[in-house]
Amino acid sequence: MSVAIIDYGSGNLRSAAKAFEHAAHNHHHTHEVTVTSDPTVVAKADRIVLPGVGAFADCRRGLQAVDGMEEALAEAVLTKGKPFMGICVGMQLLATRGLEFEKAEGLDWISGDVTAMKPANPELKIPHMGWNTINVTGDEHPVLEGIKTGGDGLHAYFVHSYHFATANPEHRLASFDYAGEFTAMVGRDNIVGTQFHPEKSQKLGLSLISNFLSWAP
């Protein structure tokens with residue numbers, strides 16, 4: 001089995017790759033993890049990961065700048081139904097639009113906008129940086145199986161100023177509280193995305209990655 005982590009000039013690629021390798025080793029998965037900017041490698045991969053760090057529009061332009069990448073992604077994920085995970089801005093790019101500094105079109109695989117976080121408590125800092133528990137907002141998704149969530153659950157690591165407001169509430173898989181409820185995870189069909197960084201989220205992150213590696217949507 002192979003996992004392609006997409007290199008388009010944005011993302012914690014090395015730390016993401018190490019986390020996927022570590023999770024695969026710990027749970028006896030036999031996955032080859034590759035960081036790549038080659039659309040042909042992405043097209044052949046069994047599982048695909050799209051990380052992302054920075055502003056929405058910059059990341060979208062970076063992805064578009066890799067010749068053939070978005071076409072390879074669409075074929076693998078939308079047509080062939082291969083498991084896909086977006087991380088941070090890589091998750092946000094699934095949205096219809098991003099409204100960070102400028103209006104930019106996303107991939108529109110999950111309808112909704114990426115909008116500025118506005119906590120009810122103005123003393124809370126933006127960017128939101130740090131550890132939060134997450135709350136499942138519907139039926140538990142397979143990638144969250146066995147992971148303790150809720151107020152006394154495991155913690156996930158976040159760094160962001162914007163969040164994904166899904167048009168369909170069912171596409172929000174988990175939320176977190178920051179003087180208001182914000183999106184922690186999205187998903188539909190063979191697609192999942194995390195606002196937090198699983199590669200930095202220790203036990204929660206490694207368990208989630210391991211579940212993703214064995215997920216059969």
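In the predicted model, strands E5 (residues 97–98) and E6 are joined by two bridges and run antiparallel. Within this pair, Gly98 has Ala104 of E6 as its bridge partner. Both strands belong to an open sheet of four strands, in which the order is E6-E5-E7-E11 and the pairing is mixed. Strand E6 (104–105) and strand E11 (162–166) form the edges of this sheet, each pairing on one side only.

Pairing was also examined for strand E1 (residues 2–6). Five bridges connect E1 with strand E2 (residues 32–36), and the two strands are parallel. Ile5 lies opposite Val35 of E2 in this arrangement. Strand E1 is mostly covered, with four of its five residues buried. In general, the strands of a sheet pair through backbone hydrogen bonds, in either a parallel or an antiparallel manner.

Helix H1 comprises 14 residues (residues 13–26). The distance from its first C-alpha to its last is 20 Å, close to the 20 Å expected at 1.5 Å a residue. Leu13, Ala16, Ala17, Ala19, Phe20, Ala23 and Ala24 are the buried residues of H1. These residues cover an arc of only 160° around the axis, and therefore lie on the same side of H1. The other side of H1 carries the exposed residues Arg14, Lys18 and His25. An α-helix has 3.6 residues a turn, so residues three or four places apart point the same way.

The buried residues in H6 include Leu204, Gly205, Leu208 and Ile209. Ser210, Asn211, Phe212 and Leu213 of H6 are likewise buried.

The largest pocket has a volume of about 180 Å³. Helix H5 (89–92) and strand E10 (155–160) are the elements that give two or more residues to its lining. In total, 14 residues line the largest pocket, and those nearest its centre are Gly54, Cys88, Val159, His160 and Ser161. By class, the lining consists of six nonpolar, six polar and two charged residues.

Of the residues nearest the centre of the pocket, Val159 was considered individually. Val159 is located in strand E10. Its relative accessible area is 30%, so Val159 is classed as partly exposed, a class that falls between the limits of 20% and 50%. Val159 and Ile126 are 33 residues apart along the chain, and their C-alpha atoms are separated by 9.3 Å.

Gly68 was considered in the same terms. Gly68 occurs in the loop between helix H3 (56–64) and helix H4 (69–79). With a relative accessible area of 28%, Gly68 is partly exposed. The C-alpha atoms of Gly68 and Lys118 are separated by 37 Å, and the two residues lie 50 residues apart along the chain.

How values were computed
Residues numbered from 1 in each chain as written. Predicted model: local features only at pLDDT ≥ 70, side-chain atom pairs only at ≥ 80, totals over all residues. Heavy atoms only, no water. Buried < 20%, exposed > 50% of the residue type's maximum accessible area, 1.4 Å probe, protein only. 1 Å grid on protein atoms, 1.4 Å probe; cavity = no way out; pocket = protein on both sides within 12 Å on 5 of 7 lines; lining within 4 Å. Points joined across faces, edges and corners; volume = space filled by probe spheres on them. Nonpolar A, V, L, I, M, F, W, Y, C, P; charged D, E, K, R; others polar. Pairing = 2+ DSSP bridges. Expected span 1.5 Å × (residues − 1). Arc of directions from axis to C-beta.
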